[in-house]
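Me: I would like a close look at one part of this model. Please start with the backbone and then widen the view.

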Amino acid sequence: MDSSLPSKERLSKLFDQGVATVHGNVPIARYYRSGEEMIRMADVYYEEKQYEMAYVLLAKFITLFLEKLKIHPQYKNASSQAKAANKKSVKYALSKAESIKFILEEKYEIEHTKWKDEQEKIRALKEERLEQERLKSKHEKEMAEKALLDQEKVQMEYFVEQQRRKQLESERQEIESKFSKNVTVSDDNFPLIPVDFAPPPNIDTLPGIEQGSPQTSRKPTTTVPPIDRSCKPIPKPEISGNKAAPVSAPVRANKYGLKTVISPHDLPAKFMQSVKHNTDKNVETCGILFGNLSQNQFIITHVLLPHQSGTSESCNTTREEDIWEFQELCNGICLGWIHTHPSQTAFLSSVDLHTHYPYQCLMSESVAIVCSGKFKETGYFMISPGRGMSEIGGCSKPGHHPHSTVPPLFESCDHVNVSSSHTVQLVDWRNK
Ligand SMILES: [Zn+2]
Ligand SMILES: [Zn+2]
């Protein structure tokens, strides 16, 4: 959370996180459909009070449909119906984003004020410490000056004493010479001043004056203190600097940091059961996966079997509008697709990779489920982000054709959880 920023600046930084990119080889109708999903997801985030997530998603929606999509090669020919519906959604997104903006602005304002107060406290503490240090060094300086003065005083006293002794001695000699003729004086020419006159104090050993040579009786000051392990400082957690604050989200453990997709355990069996007729004839069948977003997880709830035509190694949906209609009906989010391989193993063929590309382009979490009839196996696949996505995105060959295979351009999803506590609903619109 970057509370050091004023709320307006922080909001605009958050808006900038809603990056939208347009791929010319993803059909424009998919973008319009994906737009509706973005609105639904933003609504979920809003309901769950994840305002930042909602705001970023709406920002993405707004930039996509207000500016970016215009460069799509199919933009001029897109259906006017889709355009009209989208116009309504843009209006909705703008007003929703505006209301979230107010909520966030208030929140950021409070956080920023709190941050400023804390900074003020830190500053005051620092100043206090500096003042203490200043006083301490002033005191030390005064003490040193006083010690110097004391030393000078002692030296002066010694000098005066010496002078006094000289004076007395000369007085003594004067008296002596005066009376020498009358008085017999012994050879012991002792002075009148007692001999045990205290010696001049040794300035060097005056208390309070530091000396270079240590006295043997004094304890050395450089003794190493015993190490008290209990005093070992506890490492403090790293506090991040002024980097742009990431949008709050639960910790995700999977490889690419994707949201988890919950796939009901009965999905493959139900699907295989309803398409058995085709599989027996060695004809592929496909279905579209729909679901919803909850607590930052996607849950597959429906499989739609749309109008389609299939062969032994391919399968195509034929009425896009039905898919759209169904999505509206179930108020769902498209989470990928499922298809059969009647006589082959479960994998993604070159055609499958191209079919899956738009799904994953628009939703990184999209899953391609493949059920093998002959080998009784199910795979949950995705195109490998990075290398896989860029190769497929840049390939325009039709039909079955070779791609790089080492390593393959697809992989098993580690963000999919097969759940035994969820069930799926299958809707067959093939003969609608
Ligand atoms: Zn296939
Ligand atoms: Zn290709």
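Does Q295 count as buried or exposed, and how many C-beta neighbours does Q295 have inside 10 Å?

Reply: This is a predicted model. Q295 counts as exposed, because 11 C-beta neighbours lie inside 10 Å and the cut-off for exposed is 12 or fewer. Q295 sits in the loop between β2 and β3, and β3 covers residues 297–305. The backbone deserves a check here. Phi of Q295 is near 50°. That is a positive value, and Q295 is not a glycine.

N282 counts as partly exposed, because it has 15 C-beta neighbours inside 10 Å.

Another backbone feature is a cis peptide bond. It runs from V406 to P407, with omega near -10°. P407 lies in the loop between α9 and β9, where β9 spans 410–412.

Helix α9 covers residues 387–393 and contains G393. G393 counts as partly exposed, because 18 C-beta neighbours lie inside 10 Å. Its C-alpha atom is separated by 8.3 Å from that of H23. Along the chain, G393 and H23 are 370 residues apart. Leaving out residues up to four places away in sequence, G393 touches H23, N25 and Y357.

Now the helix packing. Helix α3 (residues 51–66) and helix α4 (residues 80–179) have axes that come within 9 Å. The axes cross at roughly 145°, and the crossing is left-handed. On the α3 side, the contact residues include Y51, Y55, L58, F61, I62 and F65. On the α4 side, they include N86, V90, L94, K96, I100 and L104. The contact residues divide into 16 nonpolar, one polar and two charged.

Finally, confidence. The chain averages a pLDDT of 85, and 83% of the residues score at least 70. Residues 190–251 have a pLDDT below 50. Beyond near neighbours in sequence, that stretch has 33 contacts in the model.

Technical notes
Residues numbered from 1 in each chain as written. Chains lettered and ligands numbered in written order. Predicted model: local features only at pLDDT ≥ 70, side-chain atom pairs only at ≥ 80, totals over all residues. Axes fitted to C-alpha atoms, helices over the stretch in contact; angles between N-to-C directions. Helix = DSSP H or I, 4+ residues; strand = E, 2+ residues; numbered from the N terminus. Left-handed = near helix turned anticlockwise from the far one by under 90°. Contact = placed C-beta atoms within 7 Å. Nonpolar A, V, L, I, M, F, W, Y, C, P; charged D, E, K, R; others polar. pLDDT = per-residue confidence, 0-100. Buried ≥ 20, exposed ≤ 12 C-beta atoms within 10 Å, placed from the backbone.
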